[in-house]
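Hello,

Here is the structure I promised to pass on. Please have a look at it first; my notes follow below.

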Amino acid sequence: PDASTIWFNPAGLTDLQGEQIVIGTHYIIPHSKFTNDGSSAATILGSSPLTGDDDDGGSPAVVPNFYWAKQIDEDLSFGMGFNAPFGLATEYDDDWVGRYHAVISDLRIVNFNPSLGYRISDNLSVGGGVNMMLADVILSRVIDFGAICVAQFTPSICQGLGALPQGADGYGDLTGDNLDDISLGYNLGLKIKLTDSISLGFSYRSEVDVEVDGEADFSVPSAASFVFDGDLFLDTGLQAEVTLPASFSISYANQVDNLTYLADITWTGWSSFQELVIEYDNPAQPDSIELYEWDDVYRYSVGIDWQYEDDTIYRFGLSYDESPVPDAERRTPRLPGNDRTWVSLGFNVKATKYMSIDV
């Protein structure tokens, strides 16, 4: 292992000697395709077809990570990790067909993870750490004030105001963070050496409650100024809370000559994410509620490390990652998830006595 074991299983810190730093980054290029098969407005709004084009909301993102590990004595090691374990980034044109559901969704979670690993015996090590998470979020969408008008008045009145459905669009931009109330969790690890070549690892990460404070900025077209009579859609503060999931992993490693066989099963408790409720400081503004009702899921993975030469390791991996989205009804433009099959290829080269490079 290397210092990134701080994240995967802090018990692995006891296998490191001296001091080690790992610096890395991922460049993620997601793609999501939407095809409109006849989306229409609600019956009360006339069931007219929704206007706008199809769009791909995938937005590239850079995700860095940093780990530092130091051996304190023969049995005790300390580590500090920095990574971004949760995040999403989707961005659509503000005139696409799904603009009333989402335009920009940008969630960034940064985790600081001080950890300790302790060797109980030659065959058993334990570890644990604290997770301090900072969150920053941007959520925006177009608001159909024409639909609000028809729901409140009559189509003839709204036609006179120039506020018919899809004809009087405004905008809502919600931003927030938890810098005033850092979210806390913990992680635990256990590593067992069954033989000189076979190891088992167990790792648990707790749920983390993230409470966000921020601002809601609304842009209201002049045709929809009637909403101000009820003190609606005024710029205001907001609060929201979401529970990030717990996870539990069992991992296996078996070294046979110059090959190391690897396997992992990870459970993630996404059922903690049932809904997103945004509460506004403006008492006249109703809460925004989005239902997700996600399921707990598993990821299954296998891999091989091939020690080709003393200074070169080739890697291969394959995994199946279940989506927590339960069905099409709960798949949203903000989080258009699906089951995934991952294929990974890589190598490690020892560049100098003190440095190696992984790709």
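Cys149 and Cys158 form a disulfide, with 2.1 Å between their sulfur atoms. This is a predicted model. A search of the whole structure turns up one disulfide. The link of Cys149 and Cys158 is left-handed, at -105 degrees about the S-S bond. Cys149 is buried, at 0% relative accessible area. Cys158 is buried too, at 0% relative accessibility.

Now the salt bridges. The count comes to 12.

Arg119 and Asp75 meet through their side chains, 3.7 Å from N to O. Arg119 lies in strand S5 and Asp75 in the loop between strands S2 and S3, so the pair ties together parts that are 44 residues apart in sequence. Arg119 is buried at 17%, whereas Asp75 is partly exposed at 28%.

Asp169 and Arg99 form a salt bridge at 3.3 Å, N to O. This pair links distant parts of the chain, 70 residues apart: Asp169 is in strand S7, Arg99 in the loop between strands S4 and S5. Asp169 is partly exposed, with 32% relative accessibility. Arg99 is buried, at 4%.

Asp305 pairs with Arg315 in a salt bridge, and their closest N and O atoms are 2.8 Å apart. Asp305 sits in strand S16 and Arg315 in strand S17, 10 residues apart. Asp305 counts as buried at 18%, while Arg315 is partly exposed at 30%.

There is also a network: salt bridges with shared partners join Asp15, Lys191 and Lys193.

Best wishes

Technical notes
Residues are numbered from 1 along each chain as its sequence is written. This is a predicted model: local features need pLDDT of at least 70, side-chain atom pairs count only at pLDDT 80 or more; totals for chains, interfaces and linings use all residues. Side-chain values use heavy atoms; hydrogens and water are left out. A disulfide is a pair of cysteine sulfur atoms within 2.5 Å. Buried means under 20% relative accessible area, exposed over 50%, partly exposed in between (1.4 Å probe, protein chains only). A salt bridge is a side-chain nitrogen of Lys or Arg within 4 Å of a carboxyl oxygen of Asp or Glu. Helices (H or I, at least four residues) and strands (E, at least two) are DSSP runs, numbered from the N terminus.
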